[in-house]
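Look through the structure below with this short report at hand. It takes a few helices in turn.

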Amino acid sequence: MGKRKQNKQIINSLTKKQKKHLKDFGEQHPFYDKVSEKEERTQVVELPDTSDESNDAESDVDSEPEQVSVYHKLLGTLKTVAEEDKEEDDSEESIVSNEDIERDGDTGSEGSSEEADEMMTDVHDEGSTSSGPAPASTEEFTDMKHESQFSLEINFVEVESGDHRTDKKGNGSSLRDMEDPFNQHVNRELKEEEIKMITANSKSAIQMKWLALGIVVLSSTLEKVKTLKPEKEVDLKMLHLRKPLESTWPKVNERFIALLKTKLHFTPLQKELFSIMNLYKDLFYPERTASEQGEEVRHTYCLHALNHVLKANACVLSNNASKRDQKLGVDDDHLRDQGLTRPKVLIVVPFRESALRIVQIFISLLELEGKKMDVSNKKRFKEEFGSDPEDKPPNLKRPEDYEAVFAGNIDDHFRIGVAILQKSMRLYSPFYSSDIIIASPLGLRTVIGGEGEKKRDFDFLSSIEILIIDQADIYLMQNWEHVLHLMRHLNQQPLDSHGVDFSRVRMWSLSNWSKYYRQTLLFTALQDPQINSIFNKYCFNYKGQVAVRNMPMTGSICHVLVQLPHVFQRIEAESLSSVVDSRFQFFIDKVLPQYRDAVMSHTLIYIPSYFDYVRLRNYFKKEELNFTHICEYTDKRGISRARQFFLKGEKQFLLFTERFHFYKRYTLKGIRNLIFYELPTFAHFYSEVCNMMKATGRGEEATWTCTVLYSKYDAQRLTAIVGTDRTAQMLQSKKNVHLFVTGENE
C-alpha cells in the first residue's frame, strides 16, 4: 500500500503535459529529468566481436523485470487519473470560452465586431445560425455500410416486363431508344474541329416568344440555331421517362395542376421548362420566385435529374449483365457508359431546407403506390436537415418573400451524397459512390479547398453531367466567390483514378471534354451581371443555350406609396473597374455636402456592397461626422442602440447595408432623407425602403428627399426599378439628373 501511495503522489505532482507524455511513451520527457550537478565520468566499453554475444546481451537487458514493472504500475495509476483530468480539462475549457464570450460582449463597443471583419474576405455567415445542428463537426458522417448494395460495378439490372425497350427480334436498341434525348446527347462523339468552334464562342442566336416563358433567346456555337416550340399537349409516354417516373409524376405534381382543371400533367411553365431540359440544352431562367412558382420549378428539375440518373445507371447495369454473360459479338468499345467518377448530377442550393425538399421529391417520385421505398439513413437526414417549428420566433411580421426564403432550416454549410439503385435510395453516401450531390456553395468550398491547402478534393466534380444552380440570387447575399470557385473546378481531369474501369469510360470523358457535354440549369429571381457571367463564361454545352430575357416595363418605383421626389444622379465612369472610385468621389464631393447641414437630419444611406460600407464608415469617422451604422455583423445591442439614436435624431446619418436588410428586414423609423449609394440588388428593396418613410407630423412630407446614384453599368438594376423605357432615356440623355415624383395626390 505504501508503494502504491508513493506512486500516486508522484503522479499527482506531475503536470498534465507530463502525464500525457508518460502515458504515451512510458517515461517522462527528457526536459523534466533531474540532472545532478556532479559530472559523471565517461565509461569506455569494448563491444564483443560476435553478433551472437550482442544478441545475448540484448536479451539479458530485455529480461530485466524492474523497469517494466515500475512502468506498468505508473501506467495503471495514470489511466484513472488521466480520465479525471480529461473531464476537468473539458469543463475548464467550456468555462474559459464562456467567460471569453461574456468578456467580449461586455467590453465590445457598437462596431467592435465589425472592425475585426474589415480584414476578412466578404464572407457572410448570418444564415448559418439555423435551427439545425452545427455542421462544423470534425468528422462528417458518410454511410459506408451499404457500399456493396449500391455499387454500380457489382450489381446487375433487374428485368421487368415492359421496362427494357428491346424489340421482338432481340435487337439491343430499339427505335425508341435511338430517339431518346439522353442517348442522343451522351452517345454523340464530337470532333476536334467542333471543339474548336465551341471554344471560339462565336454564337448564332434567335429570339422567340413563348406562351409561359415570354421572350426566349436560343443560341448555339456548334450549328445554326433552329426554331424551337414546345408541344401544345404533352404525352408522358413521348417524354422518354424512365420507370417509375411515368406513373408517379402525375400524383407528385397534382398540387400544381389541381387548380388548372386540366388533364395535362404539367403546368404551362413546367411544360416549357421541361421541354428545354429534356433536350439537354443549357437553361437560364431569371424569374424564379420563392413562392409556389418556385416549387413548380423545383419539381421540374428534380424530375429531369432523376430521369437522367435512372437512365445512366440502367445503362451501366445492363452492360454489366452483358459483360457477365460474355455474349458473342459484344464489342467492349460499345460498353463505354460512364464518366471518370460516378457523380453525375450536382444540385447547388442555399439552405438545408432546400435540400430536404429535393430529397422528399426524389422519394415521392421513386415510391410506387402501396410499396414503401427503402431509404437508408432517412431518420438521421430528417434530424439534420429538418427544423423544429418551435424555433421560429412568434409574432414575427415579415414580407411574404422573406417568409418563403427563410422557411425551415437555414443553415448554409452542408453537403450530402445520394445514391440511387433501382428501388432503393442511400443518403449520406460517399461522394465517389453517389449519383447526385446536393450541397451549398460554402459546403463545396470547404471540400474543394484553396491553392496550397494540403487537404482538398475536387475529383468528384470531374464527370458532372447536369449542374443545377437554384436560387442563385441568394448567393449574392452569401458569398459569390464560392460559386466562382466551384465553377473553376468543374469537369477538371481527376488527379486519381478512384478505382474506375477505364474500358467503361466514355471517350469524350477521357479526352477531358466533359464540360462540352455538361448541361447547366441556372435559376434566379433577378438578372444580374455576376449571374449572367456564369451562364456566358462557364457554360460550353454543345447542344446550345436557352435564356429567358423578359424586360420589366414599369419597375418597382411604381410600388412606392409615399409622396416623395426621387432624384437620380448619373455618375460618369470611364470603365467598369473605375466605377467604385468614381462613385465614392462623386458622393463626398457632390452629394454629402448637401446633407451636412443639421437641418438635413435623419438621413439613411443605403449601401449594397460591404466594402463600400467600410470605406464610407472610415471616411465618416475621419471627418468626425455625427453618424451611426448597422451592417450584417452588428450585434443585437448595437442594432438597438443605432436605431434608437437615429429615431431620436441624436445621430444625423445612419449607414445601412443591403445584406442586413436581406437577412433581417427590420422596419426603420425616423427616415426623412434617403440616399441610395448604389442601386439595390433586389428591385423590390427600393420600394420597401422608400415606404419606411412615414409622416410623424403635419407637412413633413414636403421636406423629404431621396437621392439615387447610378452609372451606365447599372442598366439591369435601373431597368428593374424604373422600367425599360425610362432606363433607355436616362442612359442616353445628355442630362445627368432625372426627377421622379411618387405618391402625388390626385
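## An enclosed helix

Helix H11 covers residues 268-277, and eight of its 10 residues are buried, so the rest of the structure largely encloses it. This comes from a predicted model. The buried residues of H11 are Leu269, Gln270, Lys271, Glu272, Leu273, Phe274, Ile276 and Met277. Buried here means under 20% relative accessible area.

## H13 and its two partners

Helix H13 spans residues 352-366, and helix H14 spans residues 378-385. Their axes come within 9 Å and cross at roughly 150 degrees. An angle over 145 degrees counts as roughly antiparallel, and H13 and H14 are therefore roughly antiparallel to each other. The crossing of H13 past H14 is left-handed. On the H13 side, the contacts come from Arg352, Glu353, Ala355, Leu356, Val359 and Ile363. They meet Lys378, Phe381, Glu384 and Phe385 of H14.

Helix H12 (residues 292-325) also crosses H13. Here the axes come within 10 Å, at an angle of roughly 55 degrees. That makes H12 oblique to H13. This crossing of H12 and H13 is right-handed. H12 brings Glu295, Arg298, His299, Tyr301, Cys302, Leu303, Leu306 and Leu310 to the meeting. H13 answers with Ser354, Arg357, Ile358, Ile361, Phe362, Leu365 and Leu366.

An α-helix has 3.6 residues a turn, so residues three or four places apart point the same way.

## A histidine in H18

Is His485 buried or exposed? Its relative accessibility is 9%, so His485 counts as buried. His485 sits in helix H18, which runs over residues 480-488. Which residues does His485 touch, not counting residues up to four places away in sequence? They are Arg445, Ile448 and Gly449.

## H22 from end to end

Helix H22 takes in residues 610-622, 13 residues in total. From first C-alpha to last, H22 reaches 18 Å. That is close to the 18 Å expected at 1.5 Å a residue.

Now look at the ends. Ser609 caps the N-terminal end of H22. A side-chain oxygen of Ser609 lies 3.3 Å from the backbone nitrogen of Phe611. After H22 comes Glu624, with a positive phi near 55 degrees. Within H22, the buried residues are Tyr610, Asp612, Tyr613, Val614, Leu616, Arg617, Tyr619 and Phe620.

How values were computed. Residues are numbered from 1 along each chain as its sequence is written. This is a predicted model: local features need pLDDT of at least 70, side-chain atom pairs count only at pLDDT 80 or more; totals for chains, interfaces and linings use all residues. Side-chain values use heavy atoms; hydrogens and water are left out. Helices (H or I, at least four residues) and strands (E, at least two) are DSSP runs, numbered from the N terminus. The expected span of a helix is 1.5 Å times one less than its number of residues. Buried means under 20% relative accessible area, exposed over 50%, partly exposed in between (1.4 Å probe, protein chains only). A polar contact is a pair of N or O atoms within 3.5 Å; within protein, one must be able to donate a hydrogen and the other to accept it, and residues adjacent in sequence count only if both atoms are side-chain atoms. Axes are lines fitted to C-alpha atoms, for helices over the stretch in contact, and angles run from 0 to 180 degrees between N-to-C directions. Angles under 35 degrees count as roughly parallel, over 145 as roughly antiparallel, 65 to 115 as roughly perpendicular and the rest as oblique. A crossing is left-handed if the near helix is turned anticlockwise from the far one by less than a right angle, and right-handed if clockwise. Contact means heavy atoms within 4.5 Å.
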